[in-house]
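The exercises below are to be worked with the sequence and the 3D structure at hand. Try each task before reading its solution.

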Amino acid sequence: MANGTENWVMMVTAQTPTNIAVIKYWGKRDETLILPVNDSISVTLDPAHLCTTTTIAVSPTFQQDRMWLNGKVKQGIELNYGLTDWFNLVSEIQIAGSIYSLGKLMNLKEDESQLSAIARQGSGSACRSLYGGFVKWIMGKEENGSDSVAVQLADEKHWDDLVIIIAVVSSRQKETSSTSGMRETVETSLLLQHRAKEIVPKRILQMEEAIRNRDFASFSQLTSISASRSEPPDVKYRHQAIFGD
């Protein structure tokens with residue numbers, strides 16, 4: 001903190017891992033509180049290889065909000081503070097949970113589930129990054145979102161011979177953001193509620209069993225099915241390079 005009663009800067013830094021969903025949530029029932037329409041499950045990646053380092057600074061001398069993402073100033077961000085994010089992967093790829101975990105950044109003395117509820121309000125998927133290993137984001141039932149929290153299904157040592165390889169086929173930002181794609185799906189898809197109420201709960205149970213038994217065949221099949229979307233609207237996130245010629 002600098003000298004002077006009004007000339008001070010307070011800074012705090014936090015580092016959090018990223019995660020990849022294996023059973024996805026797609027759509028929010030409340031966009032303000034960021035409450036999903038279904039449960040989801042993810043794998044937390046090794047922070048030694050993939051992580052986000054965030055520094056936040058506040059000061060009465062700051063005259064505007066500013067955000068730096070990998071050293072570049074981002075425009076149109078309303079933060080009420082200075083924020084610097086560093087990703088050790090191309091940030092436009094937007095691997096789930098790469099948004100900083102707000103709970104850790106604020107260093108609140110809460111249990112991990114409550115911290116995940118705070119992180120959820122920065123980015124839905126970020127709440128799953130507060131744990132290592134395999135994590136489930138429970139959609140919850142309460143209107144205030146108090147029971148929409150992340151819980152650890154198994155720690156990082158449970159399946160330590162599972163290796164995830166990430167191939168960067170494009171560094172371009174995706175044409176349709178996840179937020180826009182989810183909103184459009186909620187507003188227009190006739191099959192979304194059927195997926196959320198009938199299909200996903202069964203897949204959640206199957207995925208939990210596959211993780212518990214370290215059953216890679218079932219794990220990979222469920223992950224692939226979850227990544228495929230056949231219902232409208234037609235939002236595609238798979239790059240052509242994945243399919244080949």
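**Exercise 1.** Decide whether R214 is buried, partly exposed or exposed, and say where in the chain R214 is placed.

Solution. Step 1: the relative accessibility of R214 in this predicted model is 45%. Step 2: buried requires under 20% and exposed over 50%, so R214 counts as partly exposed. Step 3: R214 is placed in the loop between helix 4 and helix 5 (216-227). Step 4: R214 is not a glycine, yet its phi is positive, at about 50 degrees.

**Exercise 2.** Carry out the classification for I34 and for I20, and find the place of each in the chain.

Solution. Step 1: I34 has a relative accessible area of 10%. The limit for buried is under 20%, so I34 is buried. Step 2: I34 is found in the loop between strand 3 and strand 4. Step 3: the phi of I34 is positive, about 55 degrees, although I34 is not a glycine. Step 4: I20 has a relative accessible area of 27%, which makes I20 partly exposed. Step 5: I20 belongs to strand 2 (residues 19-23). Step 6: between the C-alpha atoms of I20 and R128 there are 9.3 Å, while along the chain the two are 108 residues apart.

**Exercise 3.** Find how many salt bridges the model has, and describe the residues that form them.

Solution. Step 1: a pair qualifies if a side-chain nitrogen of Lys or Arg lies within 4 Å of a carboxyl oxygen of Asp or Glu. Step 2: K136 and D39 qualify, with 3.9 Å from N to O. K136 is in strand 10 (residues 134-137), and D39 is in the loop between strand 4 (35-36) and strand 5 (40-44); the two are 97 residues apart, so this pair links distant parts of the chain. Step 3: E208 and K136 also form a salt bridge, their closest N and O atoms being 3.1 Å apart. E208 is in helix 4 (residues 192-213), 72 residues from K136, and this pair too links distant parts of the chain. Step 4: the count comes to 2 salt bridges, and D39, K136 and E208 are linked in a network. Step 5: on burial, K136 and D39 are both buried, and E208 is buried as well.

**Exercise 4.** Which residues does R120 touch, leaving out those up to four places away in sequence, and what is the nearest side chain of opposite charge?

Solution. Step 1: R120 lies in helix 2 (residues 112-120). Step 2: R120 is buried yet has no salt bridge. The nearest side chain of opposite charge is that of D147, 7.2 Å away; a salt bridge needs a distance within 4 Å. Step 3: look for backbone oxygens instead. That of L33 is 3.0 Å from a polar atom of the R120 side chain, and that of I34 is 3.1 Å from a polar atom of the R120 side chain. Step 4: the residues touched by R120 are L33, I34, L35, C127, W137, G145 and S148, with residues up to four places away in sequence not counted.

**Exercise 5.** Describe the surroundings of G124.

Solution. Step 1: G124 lies in the loop between helix 2 and strand 10. Step 2: with a relative accessible area of 5%, G124 is buried. Step 3: G124 touches Y25, I34 and W137, not counting residues up to four places away in sequence. Step 4: G124 and L33 are 91 residues apart in sequence, and their C-alpha atoms are 9.1 Å apart.

**Exercise 6.** Where do the buried residues of helix 3 fall when seen down its axis?

Solution. Step 1: in helix 3 (residues 178-188), G181, M182 and T185 are buried. Step 2: seen down the helix axis, the buried residues fall within an arc of 95 degrees, so they line one face of helix 3. Step 3: these buried residues pack against strand 3 (28-30) and helix 4.

**Exercise 7.** Judge where the model should be read with caution.

Solution. Step 1: the mean pLDDT of the chain is 76, and 71% of its residues reach 70 or more. Step 2: confidence is highest in strand 10, at 96, and lowest in strand 9 (residues 82-87), at a mean of 51. Step 3: over residues 90-101 pLDDT stays under 50. Step 4: where pLDDT is low, the predicted coordinates should not be read in detail.

Definitions and conventions: Residues are numbered from 1 along each chain as its sequence is written. This is a predicted model: local features need pLDDT of at least 70, side-chain atom pairs count only at pLDDT 80 or more; totals for chains, interfaces and linings use all residues. Side-chain values use heavy atoms; hydrogens and water are left out. Helices (H or I, at least four residues) and strands (E, at least two) are DSSP runs, numbered from the N terminus. Buried means under 20% relative accessible area, exposed over 50%, partly exposed in between (1.4 Å probe, protein chains only). pLDDT is the predictor's confidence in each residue, from 0 to 100. Contact means heavy atoms within 4.5 Å. Lys and Arg count as positive and Asp and Glu as negative; His and the chain ends are not counted. A polar contact is a pair of N or O atoms within 3.5 Å; within protein, one must be able to donate a hydrogen and the other to accept it, and residues adjacent in sequence count only if both atoms are side-chain atoms. The arc is that of the directions from the helix axis to the C-beta atoms.
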